[in-house]
Amino acid sequence: MARSRQLAPGVGRFSRSQSAARRGLYKGLKKSDKPAPAETPAHKEVSVGGEKNGGTRLVPTSKAPRFYPAEDVRQPKKSRKSPKPAKLRQSIVPGSVLILLAGRFRGKRVVFLKQLDSGLLLVTGPYKINGVPLRRVNQAYVIATSTKVDLEGIKVDPKINDAYFAKTATKGASSAEAEFFEEGKPKAKEPFPESKSADQKEIDKTVIAAVQKQENLAKYLKASFGLSKGQFPHQMVF
Amino acid sequence: QDSNFKRFVEVGRVVLLKAGPSAGKIAVIAEIIDHNRAIIDGPLTDVPRQSFPYRHLTLTPLALTKLPRAAGSGVIRKQLEKEGTIAKWENSSWAKKRAAVEKRRSLNDFERFGVMLAKKARRDVVRKSVAKA
C-alpha cells in the first residue's frame, strides 16, 4: 500500500475518505482464516520435592521480568522486509565466462554453470585448465564477459546444491596447538573426498569438450585477468 | 601573396562531424549561413540536411569542386557518386586510423587476449629473423 504523503504536520495529501478509497476499504476488511491461538493457562502445576512442601504448587506459566528499565524505552519498528536470493544478471547465462574478482581465485576466468537456490553462482574452472574446482561464487564479485561456451544439453547433477558445499561438522574441543600439530609434527591434511573429485571430473568432461571447440579458449581460461596501465574497467568492453 | 591555407570552408567541402547524433560521419557543405554555421548534407552517409556550427566540424582535404551553391540533396548525392568521395575518404589513412581506434575500443576481453597472442607471435617471428640476419 503506497503511503499517503504528509504535506505539513497533521495535513496529509489525501483526506480520510480518499485514503480509505485508495486502500480499497469499500471492498471490506479481509478476514483471516487462521484459527485463534490455543489458550494457554496462566498457572501450571509443578511438582515440588521435600516432605513437608505439599507435593505440588501452582506456578505462573511465564515468569515476570526481574528488571524493568527506569523510563519506557521506544521499541524499534519490526521490519517487514525479507531477504530474497539475488536476481541473476541478464548478461550471465549457463556457459558464460566470468572473471572472479575476490577470494582465493581472484583474477581467474571460469565457466558459469547454474545459479543455486541461495542465489550464489555455481562455477567450475574447469579444474584441469585453471585449478578452480566446482565452487560457489557471489554474483557481486564477478565480471560477466560476453564470451560464452556452448553448454547446450549439459545437466548438472541436482545433488550439487548448497548443502553439498556445507562444511562437515568438526569437534571443536581440541586446543589451537592440537589443530595443526599431532605429536610434534605437522598434522597430515584430510585427503580430498573421492566422491567430490569424481563429481568434478564428470562435469568437467563436457565443459572441456565444449571449450576445445573454440580456438584459444582453453589458453584464455588458463590465463589470469589483470589491468595494465591506461586500462579502466568502466571504459572497457567485457 | 598566396595564402598558406589549403582547406577552406566553402560549398562542396567534405567535413567530418565531431558532435551530435551523427558524430563520426562525413557530410558536404551545401551552403554557408554566416560566420558560425553552414548547411551540411550527407545523403550517402545518413546525415540529414541541417544547419551545423563550424566548431563541431572538422574540414577534410576532400571537396566536391563542381557543386553549385544551395544544391539539394539529390544533386549532392549524384556528385558524391560521380567523384567516389566516400570511397576516397574510407581509403584515406585518417579514416583508417579512426576505424582502428574504434575497433580497439570495442574489443571484448577474449578478443583482447587474442590480440595479445597475435602480437606475441609477430614479435617472435621478428626476433627470430633479426637474430638470423
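A salt bridge here is a side-chain nitrogen of Lys or Arg within 4 Å of a carboxyl oxygen of Asp or Glu. By that rule, B:D109 pairs up with A:R109, with the closest N and O atoms 3.0 Å apart. This is a predicted model, where local features need pLDDT of at least 70, side-chain atom pairs count only at pLDDT 80 or more, and totals for chains, interfaces and linings use all residues. Residues are numbered from 1 along each chain as its sequence is written, chains are lettered from A in the order in which they are written, and side-chain values use heavy atoms, with hydrogens and water left out.

**Where the chains meet**

- The count between chain A and chain B is one salt bridge.
- On chain A, β9 (142-148) and α5 (217-222) each supply at least two residues of the side that touches chain B; helices (H or I, at least four residues) and strands (E, at least two) are DSSP runs, numbered from the N terminus.
- In contact terms (heavy atoms within 4.5 Å), 17 residues of chain A meet nine residues of chain B.
- About 950 Å² is buried between chain A and chain B, 59% of it on carbon and sulfur atoms; buried area is the accessible area (1.4 Å probe) that two parts lose on being put together, summed over both.
- A:N216, A:Y220 and A:V237 supply 45% of the area that chain A buries against chain B, more than any other three residues.

**A closer look at A:T147**

- You'll find A:T147 in strand β9 of chain A.
- A:T147 counts as buried because its relative accessibility is 6%, the class being under 20% relative accessible area, with exposed over 50% and partly exposed in between (1.4 Å probe, protein chains only).
- Leaving out residues up to four places away in sequence, A:T147 touches A:G95, A:S96, A:V97, A:L217 and A:Y220, plus B:N108 and B:F110 from chain B.

**Chain A overall**

- Chain A has five helices and 11 strands.
- The radius of gyration of chain A is 30 Å, whereas a compact globule of 238 residues would come in near 18 Å; the radius is taken over C-alpha atoms, and the globule rule is 2.2 Å times the number of residues to the power 0.38.
- Along the principal axes, the C-alpha atoms of chain A fill a box of roughly 80 × 70 × 40 Å.
- Buried residues make up 24% of the 238 residues in chain A.
- Of the contacts in chain A between residues at least 6 apart in sequence, 55% join residues at least 24 apart.
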